Amino acid sequence: MKTTQLLIPTQKEAPNDAQVISHQLMIRAGLISKLASGLYTYLPMGLRVLQKVEAIIREEMNKAGAQELLMPVAQPAELWQQSGRWDQYGPELLRFNDRHNREFCLGPTHEEVITNLAAQYLRSYKQLPMNFYQIQTKFRDEIRPRFGVMRSREFIMKDAYSFHLDQDSLQQTYELMHQTYCNIFDRLGLDYRPVLADSGSIGGDSSHEFHVLADSGEDAICFSDESDYAANIEKVAFSKQDSACQAQADETQVLTKKKTSIEDVAEFLAIEQSQCIKTLIIKTENGFKALALRGDHELNEIKAHNLFGEFELATDDEIKSLDLKKGFIGVKGLSIDLIVDYSASVLCDFVCGANEWDYHLTGANWQGVEFNEADLRNAVEGDTSPDGKGKLVIKRGIEVGHIFQLGTKYSEAMKANVIGEGGKAVTTTMGCYGIGVTRVIAAAIEQNYDDRGIVFPQNIAPFQLVIVPINYNKSTRVKVLADDLYQQCSKAGIEVLLDDRKERAGIMFADSELLGIPHRMVLSDTHADNGNVEYKARNNADKIEVKFDDALSFIQRKIN
């Protein structure tokens, strides 16, 4: 392809609303164009990248025995009502009525549609297991779309759904999909981690997320420095500990006027935050609860939700109604249930609120305090890995894939049954496997860029090679050589871009680097004189002179 035949609207500056590097560079490189908030057009160069990602996903999914189909974006409300999610999903579900006043939604996901399909066509256990996938547009009406295609309203996703006679069969496919995802992300050239995860609104019993490691990631992921243990920070589980400490101090009420935060109290008393207890008051469907954590730990809302159901932090007025003093709440003399995190319950001689304005207790202990214990906190760097091997390292990650064991949540609600070996109806067991195709591109850029632009992994770059002929439109010799090399590479199956524009060399170099094309060859009158061509890799500053006659074999070796 020649540059003059393509729309490549590169820009020197990124738009003001582009906060993360992937958004900035995708706009600047002319990969995407914003239509409205959270809605983007994929321009020719961006579409080439998108299609390469899709091709790798298709090849690996097909190898795993999955069958591709394509389901509608618009979905009837009755399917979502049947599954129970019509009222549960919330405002992200964009609902509308057709001309006959029938309710529909734009699909943010397709569990209902595929389960309805399975209920129609899967009749016998002999047909199972079956795994279906699609690569298709989704729509989620995000309240605040941001970060370009990282969190847009309309996006492309690969979603797959498997149906099984029993849990053992599901487990086999789940493990196969786990390996398939690893194969996909390996081929995409990404540094990633599969981690244990919470299933969220999709539901199910077991799930793994696949995260691309990047400083801009929205999720914190934890992994051991000595084993293959890895989990989303929300999913890291801790066990009850045995207390080894012995109380040595006398409990004392200390004036800590206006010191209401753990940070201020610890500094004022010249102690570590880990020796303090903070008490949070939450409101649940079953009344108020007090949650006690170590001062240097944060509440894990997923764990709390799993324990108490829907909850929210108590308001100032609600705290006051419980005769508690905000900023000075302790663990003694409470009139509501107290639940203490495992790591807090083993402390002794700790500091906590005195339940009196402007006072804290020092030398406090748990003797005489009624409480239950639970795992309430987020992991922190340096925690012992839950598998007992090594310490936890915490990195930021961008979620690009998620696999679930759904169980019978949807198949039972939507009557996706088959006739089992004994002649009786059996509810199918389901798995679900998603990849954010458009998000993969943004994540790849977040992980691969420099001050000149994108550094695409070779398998997803828009072109493998760019030929930059200096004075192509003025020098006959340069044009002949460039056209010759271009034809050789094209015939050899190399995806090559010939920059035939009437532009200065610096502009052509800058555009090729901005676009992240992995390999560049430069031709000039000097090269016409000495019979060479200049080679440079996008991820290497060094330039190499190569004989023109060897140029094709040289670039083939580099690409392969």
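Predicted model: local features only at pLDDT ≥ 70, side-chain atom pairs only at ≥ 80, totals over all residues.
Guide: The expected span of a helix is 1.5 Å times one less than its number of residues.

Visitor: How far does helix H2 reach from its first C-alpha to its last?

Guide: Helix H2 covers residues 44-63, which is 20 residues. At 1.5 Å a residue, a span of 28 Å is expected. The span in the model is close to that value, at 29 Å.

Visitor: Which residues of H2 are buried?

Guide: A residue counts as buried when its relative accessible area is under 20%. An α-helix has 3.6 residues a turn, so residues three or four places apart point the same way. In H2 the buried residues are Met-45, Gly-46, Val-49, Leu-50, Lys-52, Val-53, Glu-54, Ile-56, Ile-57, Glu-60 and Met-61.

Visitor: Which residue just after H2 takes a positive phi?

Guide: Most residues other than glycine have a negative phi. Just after H2, a phi of about 85° is taken by a glycine, Gly-65.

Visitor: What kind of aromatic pair do Tyr-181 and Phe-210 form?

Guide: The structure holds 11 aromatic pairs. For Tyr-181 and Phe-210, the centres are 5.3 Å apart and the planes make 50°. Planes under 30 degrees apart count as stacked and over 60 as edge-to-face. An angle of 50° makes this pair tilted.

Visitor: Which elements hold Tyr-181 and Phe-210?

Guide: Both residues of the pair, Tyr-181 and Phe-210, are buried. They are 29 residues apart, and the pair links distant parts of the chain. Tyr-181 is in helix H5 (residues 167-187), and Phe-210 is in strand E10.

Visitor: What kind of pair do Tyr-535 and Phe-554 form?

Guide: Tyr-535 lies in strand E30 and Phe-554 in helix H15, so the pair ties together parts that are 19 residues apart in sequence. Both Tyr-535 and Phe-554 are buried. With 5.0 Å centre to centre and 75° between the planes, the pair is edge-to-face.

Visitor: Which charged end sits over the ring of Phe-509?

Guide: One such arrangement places the charged end of Arg-95 over the ring of Trp-86, 4.7 Å from its centre. Over the ring of Phe-509, at 4.2 Å from its centre, sits the charged end of Arg-520.

Visitor: Which are the edge strands of the open sheet of five strands?

Guide: The order in this sheet is E16-E14-E15-E17-E20, and the pairing is mixed. An edge strand pairs on one side only. The edge strands are E16 (311-313) and E20 (372-374).

Visitor: In which sense do strands E15 and E17 pair, parallel or antiparallel?

Guide: Strands of a sheet pair through backbone hydrogen bonds, either parallel or antiparallel. Ala-290 has Leu-338 in E17 as its bridge partner. Over four bridges, the sense of pairing between E15 and E17 is parallel.

Visitor: What angle does the direction of helix H7 make with that of E16?

Guide: Helix H7 (residues 301-308) packs on the sheet. H7 touches E14, E15, E16, E17 and E20. Its direction makes with that of E16 an angle of about 125°.

Visitor: Is Phe-288 buried, partly exposed or exposed?

Guide: Phe-288 lies in strand E15. Beyond its neighbours within four places in sequence, Phe-288 is in contact with residues including Ile-281, Ala-314, Leu-322 and Asp-337. Buried means under 20% relative accessible area and exposed over 50%. At 23%, Phe-288 is therefore partly exposed.

Visitor: Which residues are joined by a cis peptide bond with omega of about 0°?

Guide: Most peptide bonds are trans. The joined residues are Leu-128 and Pro-129.

Visitor: What is the relative accessible area of Phe-147?

Guide: Phe-147 is not a glycine, yet it has a positive phi of about 65°. Phe-147 lies in the loop between E7 and strand E8 (154-164). Phe-147 counts as buried because its relative accessible area is under 20%, at 17%.

Visitor: Where is Asp-349 placed?

Guide: Asp-349, a residue other than glycine, has a positive phi near 55°. Asp-349 is buried, with a relative accessible area of 18%. Its place is in the loop between helix H9 (342-345) and strand E18 (350-353).

Technical notes
Residues numbered from 1 in each chain as written. Heavy atoms only, no water. Helix = DSSP H or I, 4+ residues; strand = E, 2+ residues; numbered from the N terminus. Buried < 20%, exposed > 50% of the residue type's maximum accessible area, 1.4 Å probe, protein only. Phe/Tyr/Trp six-rings, centres within 6.5 Å; stacked < 30°, edge-to-face > 60°. Lys NZ or Arg CZ within 6 Å of the ring centre and 35° of its normal. Pairing = 2+ DSSP bridges. Contact = heavy atoms within 4.5 Å. Axes fitted to C-alpha atoms, helices over the stretch in contact; angles between N-to-C directions.
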